[in-house]
Each structure stands twice: as structure tokens, then as C-alpha cells.
Amino acid sequence: MKQHLLILTILLFVNVMANAQRPPALNSPEVHPDHRVTFRYFSKKANKVTLSGEFLKAPLAMSKDTAGIWSVTVPPVTPDIYPYSFWVDSVQVADPSNTYIFANERFKRSIVDVPGDKPLIHSLQNVPHGKISYHYYKSATLGTTRPLLVYTPPGFNPNGKTRYPVLYLIHGGSDTEETWTKVGRANLIADNLIAQGKAKPMIIVMPYGNVRPSPMPDFTKDVVNDIIPFVEANYPVLKESNGRAIAGFSVGGGQTLNIGLTNPDKFAYVCSYAPYTATDEFKQNFTNWSPNSEQMNKQLKLFTISVGTEDFLYEPVKENIAMFKEKKLNVEPVIVPGGHTWMNCKQYLASTLQAVFK
């Protein structure tokens with residue numbers, strides 16, 4: 001009997017201690033009907049907690065209550081999807097109360113979705129939905145097995161007679177193959193535009209663009225020699241250049257230019273978003289480049305470069321646009337407000353999906 005009482009006492013003690021150490025369940029972020037957002041973080045030991053987010057001009061201090069809950073409510077936010085994080089005594093952390101995490105290898109951020117009064121282009125709407133499939137493919141170029149995501153449109157039948165065009169969509173630097181779906185909502189944007197009749201049903205392939213420790217230029221070889229053959233062997237797709245497009249953001253935007261413009265026989269559509277081009281590969285490809293502009297302009301049905309006026313790459317992107325124009329290529333600049341953000345990326349992609357394969 002004494003032994004049973006001892007065991008019961010120990011169990012009760014362990015349970016009390018566990019509950020005492022467990023942080024409280026917090027509602028964070030809490031998006032209010034008027035588009036204000038409240039953020040909460042629990043820490044009794046922190047001396048300072050601030051909120052950082054792409055909806056703010058500067059980090060915002062949070063206040064702590066007697067229970068150790070830090071909070072702040074920000075004024076109404078323009079409806080969109082935004083990354084944010086907490087800085088706890090100078091250490092960046094994602095919101096532990098939010099399962100919506102920014103897919104990135106470097107930055108520890110969460111995502112807040114502020115819905116519009118009317119559905120936005122990236123919103124989950126009552127339309128037929130496509131499917132996202134996770135794949136692994138063998139890269140002979142890199143000597144390893146690598147991941148990629150494939151979006152197939154609503155009504156896709158792998159055994160049907162329809163052959164689909166393919167958009168190869170590349171993420172930004174330090175992002176992952178999941179960023180275009182988890183942050184960029186590429187699948188929902190495609191669903192909505194296809195349902196509206198504004199985009200053709202297509203397959204979207206989202207590879208992992210970081211090939212380190214291999215040289216980064218090897219990604220170009222990987223796309224051409226390994227990824228395209230993998231897709232064409234496993235999906236009913238068009239195998240002509242008119243059925244292929246390539247697009248990407250930031251580092252992926254630079255990779256898009258490297259891949260698309262050095263293989264114009266393989267891609268009829270090249271759409272680069274705020275490209276980062278301060279790389280050895282770009283310099284090697286385009287410093288002393290003398291393209292057959294007449295031939296390339298026939299091969300390229302669409303060549304666009306997009307950038308925001310507040311993007312830190314705005315000036316170098318303008319210089320690259322001028323360079324391509326000097327080479328007599330029919331490049332279409334897409335200049336919009338905003339910075340180097342995934343909010344702009346969704347705009348760029350929505351424009352691309354409505355322009356390709358027409």
C-alpha cells in the first residue's frame with residue numbers, strides 16, 4: 001500500500017511539474033475582422049521581445065503581462081500573405097504558436113495570412129483543385145537523389161490523351177522546393193486562374209535549386225539533363241519548346257535567365273522575377289554574349305523580367321533589362337510597386353500564368 005502511495009505521489013508531482021513548465025496555449029497570430037493582427041509570445045525570462053514583419057516599416061516592441069505573455073496588435077494590414085518573426089533578446093525565432101512556417105533554410109520566420117474582403121488570387125476558393133505530388137529523381141549530373149514538387153491541374157489524367165505544357169518554377173536563394181506552394185501559393189493561383197479561364201491547364205514543376213556543395217552552375221545542367229527527362233518520362237507533357245516555360249525569383253530569377261537564354265531551343269517562355277545576377281555563371285554567360293537576336297526572338301514567344309520599384313535589386317535589374325535590349329532581344333519589363341518580397345512574387349506568377357502557352 002505504501003509503495004502504491006509513493007508511486008501515485010511521484011506521478012502527481014511529475015504531472016504538476018510538467019504543467020508548470022508547459023507554456024500556455026496562445027492564439028497567435030490573431031487576425032481581426034478589421035485586418036488588425038495581434039501577435040503573442042510566451043517567455044518569463046526574456047528582457048525584450050520585438051515583432052518583425054514585411055507589413056511593418058520597422059520592428060515593433062511587444063509588451064509583457066504578469067503571466068509572461070508578450071503581445072502587440074498592429075494596425076490594419078493590407079490583405080496578403082506576410083512573413084514575420086519575433087526577436088527575443090536579439091535572437092530571431094519563428095512563432096511557436098503558429099504551424100504556418102516559412103519554408104527557408106536560413107531565416108526562421110512564420111507566415112500570417114490576412115484575407116481580403118473579397119477572395120484574393122492566391123486564396124483557397126470554391127473551384128476545382130489540382131494536386132501537388134512530392135517526387136525524388138536521380139540526378140546523374142550531381143550524383144545524388146534530389147527532391148522536386150509537381151503540380152498537376154484539375155482533371156489531370158495520367159493515362160489520358162491530353163499532353164500538358166510545363167512551367168519549371170524556381171524558388172529564391174535559401175528557399176526550398178516547397179516555398180512556391182507554402183508561401184507563393186502557386187497551386188492555388190493556378191487553380192483560380194484555370195477556373196476563371198485565364199490560364200491554360202498546365203503542369204508546374206518546382207525543383208530544389210540549391211545544389212551545394214556542387215558548383216551552383218551545375219543546376220543548369222541538372223534541369224536540362226535530369227529534371228526535364230524525369231518529368232517527360234513520368235508525365236504526359238508536350239516535349240517541344242512551345243510547351244515549356246521557365247520562371248524563378250531572386251537567385252532563381254538569375255537561374256531562370258541562365259537556363260532559359262542559353263537553351264532557347266528548349267524554352268519558348270522565359271520569365272524572370274527580380275533576378276539576382278551577381279554570379280560567376282551569369283557573368284560567364286552574358287559578359288561577352290553575342291546572341292543571334294533574330295533567331296532567339298523567333299524562338300522566345302515571351303521574355304519578361306519583373307521587379308518592384310523598392311526592390312534592392314531594382315537598379316541592377318534595370319541594367320540587365322537595358323543590356324538585353326542592347327542585344328536586340330524582345331524583353332518585356334514588368335515594373336510594379338513593392339520590394340523583394342513574396343507578395344510581389346505572387347503578382348509576377350499570376351501574370352506569367354495568364355501569358356504563357358497561349
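Helices (H or I, at least four residues) and strands (E, at least two) are DSSP runs, numbered from the N terminus. This is a predicted model, in which local features need pLDDT of at least 70 and side-chain atom pairs count only at pLDDT 80 or more, while totals for chains, interfaces and linings use all residues. Residues are numbered from 1 along each chain as its sequence is written, and side-chain values use heavy atoms, with hydrogens and water left out.

**Annotated domain**

- An unreviewed UniProt entry places the feature "domain: Glycoside hydrolase family 13 N-terminal" at residues 32-86; UniProt positions follow the numbering used here, feature names are shortened, and annotations may be inferred rather than shown by experiment.

**Packing of helix 4 and helix 5**

- Helix 4 (residues 218-234) packs against helix 5 (residues 251-261) at an angle of about 55°, and their axes are 10 Å apart.
- That angle makes helix 4 oblique to helix 5 (under 35 degrees counts as roughly parallel, over 145 as roughly antiparallel, 65 to 115 as roughly perpendicular and the rest as oblique).
- Phe 219, Thr 220 and Val 223 of helix 4 meet Gln 255, Asn 258 and Ile 259 of helix 5, where contact means heavy atoms within 4.5 Å.
- The residues of this contact comprise three nonpolar, three polar and no charged.

- Val 334 belongs to strand 17 (residues 332-336).
- Val 334 has 27% relative accessibility and therefore counts as partly exposed (buried is under 20% relative accessible area, exposed over 50%, and partly exposed in between, with a 1.4 Å probe and protein chains only).
- Apart from neighbours within four places in sequence, Val 334 is in contact with Thr 304, Ile 305, Ser 306 and Val 307.
- Tyr 273 is 61 residues from Val 334 in sequence, with a C-alpha to C-alpha separation of 9.0 Å.

**Backbone features in loops**

- Most residues other than glycine have a negative phi, and most peptide bonds are trans.
- Ser 28 and Pro 29 are joined by a cis peptide bond with omega about -5°, and Pro 29 is in the loop between helix 1 (2-21) and strand 1 (30-31).
- Arg 212 and Pro 213 are also linked by a cis bond, with omega near 15°; Pro 213 is in the loop between strand 13 (203-207) and helix 4.
- Ser 250, in the loop between strand 14 (244-249) and helix 5, has a positive phi of about 60° and counts as buried at 10% relative accessibility.
- Lys 328, in the loop between helix 8 (314-326) and strand 17, has a positive phi near 70° and counts as exposed at 58% relative accessibility.

Key
Axes fitted to C-alpha atoms, helices over the stretch in contact; angles between N-to-C directions. Nonpolar A, V, L, I, M, F, W, Y, C, P; charged D, E, K, R; others polar.
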